[in-house]
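Try each one yourself before you read the solution.

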Amino acid sequence: MRPPVVALTMGDPAGIGPEIIARAFAEPGFSEENRVVVVGDGARLERAAALLRLPLRIETVSGPEEARFRPGSVDLIPASRLPADLPFGRLDPRAGDAAFEYLRRAVGLALEGRVSAVATAPLNKEALHLAGHRYPGHTEILAELTGTRDYAMMLVADGLRVIHVSTHVPLREAIELVRPERELAVIRLAHGAMRRIGLESPRVAVAGLNPHAGENGLFGEEDREHIAPAVERARSEGIDASGPWPPDTVFLRARRGEFDIVVVQYHDQGHIPAKLLGFEGGVNVTVGLPFFRTSVDHGTAFDIAGTGRADHSSLLAALRLARELAGAQEEDRQKKRRG
Ligand SMILES: NC(=O)C1=CN([C@@H]2O[C@H](COP(=O)(O)OP(=O)(O)OC[C@H]3O[C@@H](n4cnc5c(N)ncnc54)[C@H](O)[C@@H]3O)[C@@H](O)[C@H]2O)C=CC1
Ligand SMILES: NCC(=O)COP(=O)(O)O
């Protein structure tokens with residue numbers, strides 16, 4: 001089967017997005033393994049390729065149907081016309097607005113069924129806000145543009161998968177979000193995502209919020225009042241859920257093979273172990289959308305943007321996962337059609 005077509009957004013054009021995209025396309029065998037169409041800015045991509053001394057051809061296309069996926073060339077849907085001298089590594093509302101537009105265009109293509117999945121290079125949240133797009137990040141934009149109510153951020157890193165009850169909110173608010181309904185929704189999303197990647201009966205561990213998962217109320221009530229009932233309810237639905245487990249050991253246990261995925265209670269509870277284990281090859285997946293969206297797990301790295309030092313491993317991993325997930329979905333559909 002041919003690889004599914006993936007729309008890849010350039011992210012903030014002042015960040016490392018253009019560089020990591022140029023590096024990925026220049027990898028030997030990239031066009032044999034991938035069918036990727038970039039939504040972004042041709043001049044920025046050309047500048048990044050020149051900076052890295054990569055002989056890439058940029059082919060402008062009006063849609064994925066025109067893309068030819070030839071080795072050594074990038075099929076690009078132009079979605080901004082930024083000044084050629086826009087500096088790398090600086091906050092700029094024009095770049096924030098462009099990043100938003102790339103995502104909006106890619107989501108449109110996915111909803112129209114013209115691409116099978118969306119992958120994203122990083123956007124800068126401050127630049128996004130400076131441009132008037134007041135979202136915490138891609139995830140919430142994607143949810144709004146697709147009308148999705150229940151969604152969650154999953155990180156996949158070396159031997160570990162985590163999925164978040166909350167992400168970009170102040171820590172005080174994150175504690176308020178630990179409620180049975182949201183816990184149950186995320187356990188169900190975790191179960192569904194693991195089934196999608198082919199696990200028959202996924203083992204979903206739920207991390208506690210407090211030290212030692214509250215130790216029966218000694219160190220906080222949220223674990224037994226809000227998390228435990230959701231785990232029970234999930235179990236009554238036939239999901240192999242367990243917890244709340246002490247957060248300091250649940251990741252170790254998952255990595256040793258006891259669990260397939262860990263539901264985590266707030267941003268850093270999941271991000272710290274995932275990034276520590278697999279920053280280079282880590283992938284962020286939005287679970288719950290009508291299509292798959294994968295992303296690099298790192299940010300815009302303004303401190304090194306335009307220097308040619310950015311590593312593109314996370315982007316390659318995000319594209320790999322997008323094509324595997326979308327490919328598996330396509331195979332499912334074909335099986336169903338055949339009866
Ligand atoms: N998927 C996305 O769109 C993400 C966006 N962000 C956004 O990016 C902006 C900057 O975030 P930071 O917290 O500074 O994190 P960051 O990931 O951009 O940078 C943290 C450190 O890691 C290094 N780094 C990051 N990616 C690298 C790569 N590919 N190769 C080599 N070194 C790399 C940077 O140079 C820096 O020292 C923020 O606006 C943040 O919200 C952050 C994470 C993900
Ligand atoms: N901490 C992950 C991050 O900032 C990426 O968020 P999103 O843009 O994928 O919603």
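Predicted model: local features only at pLDDT ≥ 70, side-chain atom pairs only at ≥ 80, totals over all residues.

Residues are numbered from 1 along each chain as its sequence is written, chains are lettered from A and ligands numbered from 1 in the order in which they are written, and side-chain values use heavy atoms, with hydrogens and water left out.

**Exercise 1.** Find which residues are closest to the centre of the largest pocket, and which elements supply its lining.

*Solution.* Start with the term: on a 1 Å grid over the protein atoms alone, a pocket is an open set of points where a 1.4 Å probe fits, with protein on both sides within 12 Å along at least five of seven lines, and lining residues have an atom within 4 Å of a point. The volume of the largest pocket is about 350 Å³ (the space filled by probe spheres set on the points, which are joined across faces, edges and corners). Of its 20 lining residues, Lys125, His168, Asn284, Asp297 and His298 are closest to the centre. Next, look at the elements (DSSP runs numbered from the N terminus: helices are H or I, at least four residues; strands are E, at least two): α6 (138-146), β6 (152-157), α11 and β12 (292-296) each give at least two lining residues.

**Exercise 2.** Which residues does UniProt list for "binding site"?

*Solution.* The unreviewed UniProt entry lists His138, Thr139, Lys275, Asn284 and Arg293. The lining of the largest pocket includes His138, Thr139, Lys275, Asn284 and Arg293. UniProt positions are in the numbering used here, feature names are shortened, and annotations may be inferred rather than shown by experiment.

**Exercise 3.** Decide whether Asn284 is buried or exposed.

*Solution.* First place Asn284: it lies in strand β11 (residues 283-287). Then apply the cut-offs: buried is under 20% relative accessible area, exposed over 50%, partly exposed in between (1.4 Å probe, protein chains only). Asn284 has 9% relative accessibility, so it counts as buried. Lys275, in helix α11 (residues 267-278), has 29% and therefore counts as partly exposed.

**Exercise 4.** How far apart are the end C-alpha atoms of helix α8?

*Solution.* The expected span is 1.5 Å times one less than the number of residues. For the 17 residues of α8 (residues 180-196) this gives 24 Å, and the end C-alpha atoms are 24 Å apart, which agrees. Just after α8, Gly198 takes a positive phi of about 105°.
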